[in-house]
Amino acid sequence: MIDAALQYLERGWSCIPVAPNKRPIIAWKPFTKRLATEEEARRWWDVADPPGLAIVCGRISGLLVFDVEAHGLSWAPPVPRTLTAKTQSSGRHYYFRWQEGQFRHHYADEGHHVADLKGEGGYVLAPPTVGVKGTYEWIEEAPLAELPDFCKKAEVVYPQTSPSSYPSSAPLGTYPSRSERLMAI
């Protein structure tokens with residue numbers, strides 16, 4: 001795990017250690033503004049039973065990641081060739097070059113969550129992390145592509161567990177904010 005972490009840091013990607021439940025095991029918000037040092041990386045991952053590894057998305061790493069669930073692969077529009085990882089549940093993480101904008105969206109199809117776009121303030125588990133369902137693996141080594149236009153849409157989508165005042169089917173885009181949900185209730 002330490003080799004992967006050092007490679008990611010060398011690429012300029014911010015990395016954090018995560019538990020099997022995908023939660024960071026450190027106070028990770030500072031790493032949205034700075035990269036870990038080699039000393040920190042060695043303390044976290046150069047151990048007998050290293051934790052998983054996550055890459056912090058956004059400006060710090062120069063990344064946006066389109067995270068498609070396995071059951072959402074048939075839903076997703078064609079994605080340009082870019083660096084791609086298989087997730088522990090056979091979904092996909094498509095890595096794109098960072099660009100300015102509010103790009104943190106959740107996508108649903110017929111009320112079922114199918115994908116997320118991880119941007120500023122988000123993170124994704126990364127190879128060679130072993131999760132509870134399987135291992136993250138790189139499956140496409142390619143230069144980072146530009147974020148496709150369909151990922152830039154920000155229409156509201158309501159999760160199935162939303163209050164009954166939300167419509168049962170809604171267009172593609174982002175979940176409402178916590179404040180919007182509270183106002184609807």
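Which residue in β2 does P17 stand opposite? The legends below take the views in turn, starting with an overview. The model is predicted.

**View 1. Overview of the predicted protein chain.** The protein chain holds 3 helices and 11 strands. Along the sequence, these elements follow the pattern α-β-α-β-β-β-β-β-β-β-β-β-β-α. The protein chain has 185 residues, and 45% of them count as buried. The chain exposes about 9,700 Å². Take the contacts between residues at least 6 apart in sequence: 67% of them join residues at least 24 apart.

**View 2. The open sheet of 3 strands, β1-β2-β8.** The pairing in this sheet is antiparallel. Strands β1 (15-18) and β8 (123-125) stand at the edges. Each of these two has a single partner strand, so one side of each is left without a neighbour in the sheet. From one strand to the next, the twist averages 35 degrees.

**View 3. Pairing of β1 with β2.** Strand β2 covers residues 52-56. It runs antiparallel to β1, and 4 bridges join the two. P17 stands opposite L53 in β2, which settles the opening question. Helix α2 (residues 38-45) packs on the sheet and touches both β1 and β2. The direction of α2 makes about 20 degrees with that of β1. Strands of a sheet pair through backbone hydrogen bonds, either parallel or antiparallel.

**View 4. Helices α1 and α2 packed together.** Helix α1 (residues 2-10) lies across β1 and β2. It runs at about 10 degrees to β2. How do α1 and α2 pack, and how far apart are their axes? The angle between α1 and α2 is about 155 degrees, and their axes lie 9 Å apart. An angle over 145 degrees counts as roughly antiparallel. Helices α1 and α2 are therefore roughly antiparallel to each other. Their crossing is right-handed. On the α1 side, the residues in contact are I2, A5, L6 and L9. They meet E38, A41, R42 and W45 in α2.

**View 5. The open sheet of 6 strands.** The strand order is β6-β7-β3-β5-β4-β9, with antiparallel pairing. Which strands stand at the edges? They are β6 (105-109) and β9 (137-140). Each has a single partner strand, so one side of each is left without a neighbour in the sheet. Neighbouring strands here are turned by 25 degrees against each other on average, direction ignored.

**View 6. Strand β7 and its two partners, β3 and β6.** Strand β7 covers residues 112-118, and strand β3 covers residues 63-68. These two pair in the antiparallel sense over 4 bridges. V65 has K118 in β7 as its bridge partner. The pairing of β6 with β7 is also antiparallel and runs over 5 bridges. In that pairing, Y107 stands opposite A115 in β7. Strands β6 and β7 form a hairpin, with 2 residues between them. E110 sits in the turn and has a positive phi of about 50 degrees.

**View 7. T82 in the loop between β3 and β4.** Strand β4 covers residues 84-86. Is T82 buried or exposed? T82 is buried, with a relative accessible area of 1%. The cut-off for buried is under 20%. Set aside the neighbours of T82 within four places in sequence.

**View 8. Q99 in the loop between β5 and β6.** Strand β5 covers residues 92-97. Q99 counts as buried, at 18% relative accessibility. Which residues does Q99 contact, leaving aside its neighbours within four places in sequence? They are L64, E146, L147 and K152.

Technical notes. Residues are numbered from 1 along each chain as its sequence is written. This is a predicted model: local features need pLDDT of at least 70, side-chain atom pairs count only at pLDDT 80 or more; totals for chains, interfaces and linings use all residues. Side-chain values use heavy atoms; hydrogens and water are left out. Two strands pair if DSSP finds at least two bridges between them. Axes are lines fitted to C-alpha atoms, for helices over the stretch in contact, and angles run from 0 to 180 degrees between N-to-C directions. Contact means heavy atoms within 4.5 Å. Buried means under 20% relative accessible area, exposed over 50%, partly exposed in between (1.4 Å probe, protein chains only). Accessible areas come from the Shrake-Rupley method with a 1.4 Å probe; for residues, only the protein chains shown count as cover. Angles under 35 degrees count as roughly parallel, over 145 as roughly antiparallel, 65 to 115 as roughly perpendicular and the rest as oblique. A crossing is left-handed if the near helix is turned anticlockwise from the far one by less than a right angle, and right-handed if clockwise.
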